[in-house]
Amino acid sequence: MEEILLSAKDVCKSFANNGEQNHVLNHISFELYKGDFTVIMGASGSGKSTLLYCLSGMDGLTSGEVAYKGKRFSGCKEKEMARLRAEEFGFVFQQIHLVSNLTLLENVTVPGFLDKKKAAADVKKRALDLLEQVNVWKAKDRLPAQVSGGEAQRAAIARAVIGEPGLLFADEPTGALNKSNTDAVLNLMTDLNREGQSILMVTHDVRAALRADRLLYLEDGKICGEMKLPPFTPEEAKNRETQINAWLSSMEW
């Protein structure tokens, strides 16, 4: 039986705009299972990023409920939510938020020290192992400005997973990258998922969507469609892209 990792029930999010309520998320309900690679797609303004922020606890809800491993967010104080995000969630964004005056190794290592149970030597070893896994080990002593965007993004992913998060949130992680760097980042995320990392990613890029085993389509703040896919293989990429494009067309993408 699949293990429910995160659940959303009747999630709504509204913002006041000139005295009127702008309903960004409208009664969204779904479940994310352990080991999933779920991608949320939709046109600009459909609420994709807002949904990700609400599901990760970075933004509050107007109504509804989100629960992680059965623990409801509404019952958590802010300190509890901060601890949950630090210990259970990893985050990767389109803008690569590495600390400019720290090397790639230092950027990856620092979040690992949040776990007081781990020795500094063990944290550094894991950081080095991750940098080797993401193929930027040779650039470990360089500053973010001294490496390519793809190398910086791969280092950011290593930083996001150094604490072995239960769930990795990714918001347009390839949006600012060229094709070769996009492929490198997506290959890395696919490998992480195959090793058991659960991923929830927002994207408008069909190339990124190819890696998912489940697609959700968001329109006007509502989930309007779902597509399930077998595990990704490079040999099936073209056929998979055709299937996804046909599905997106049926969603009036």
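**Exercises: a hairpin and the chain around it**

Strand 9 (residues 214-219) and strand 10 (residues 222-228) run antiparallel and are joined by 6 bridges. Strands pair if DSSP finds at least two bridges between them. This is a predicted model, where local features need pLDDT of at least 70, side-chain atom pairs count only at pLDDT 80 or more, and totals for chains, interfaces and linings use all residues. Residues are numbered from 1 along each chain as its sequence is written, and side-chain values use heavy atoms, with hydrogens and water left out.

**Exercise 1.** Find the bridge partner of Leu218 in strand 10, then look at the turn.

*Solution.*
- Step one: go to Leu218 and cross to strand 10, where the bridge partner is Ile223.
- Step two: follow the hairpin of strands 9 and 10 through the 2 residues between them.
- Step three: check Asp220 in this turn, whose phi is positive, about 50°.

**Exercise 2.** How many helices and strands are in the chain, and how compact is it for 253 residues?

*Solution.*
- Step one: count 8 helices and 10 strands; these are DSSP runs numbered from the N terminus (helices H or I, at least four residues; strands E, at least two).
- Step two: the radius of gyration is 18 Å, close to the 18 Å from the globule rule, so the chain is as compact as a globular protein of that length. The radius is taken over C-alpha atoms, and the rule is 2.2 Å times the number of residues to the power 0.38.
- Step three: the C-alpha trace spans about 50 × 45 × 45 Å along its principal axes.

**Exercise 3.** What share of the residues counts as buried?

*Solution.* Apply the cut-off (under 20% relative accessible area, 1.4 Å probe, protein chains only); 49% of the 253 residues count as buried.

Definitions and conventions. Buried < 20%, exposed > 50% of the residue type's maximum accessible area, 1.4 Å probe, protein only.
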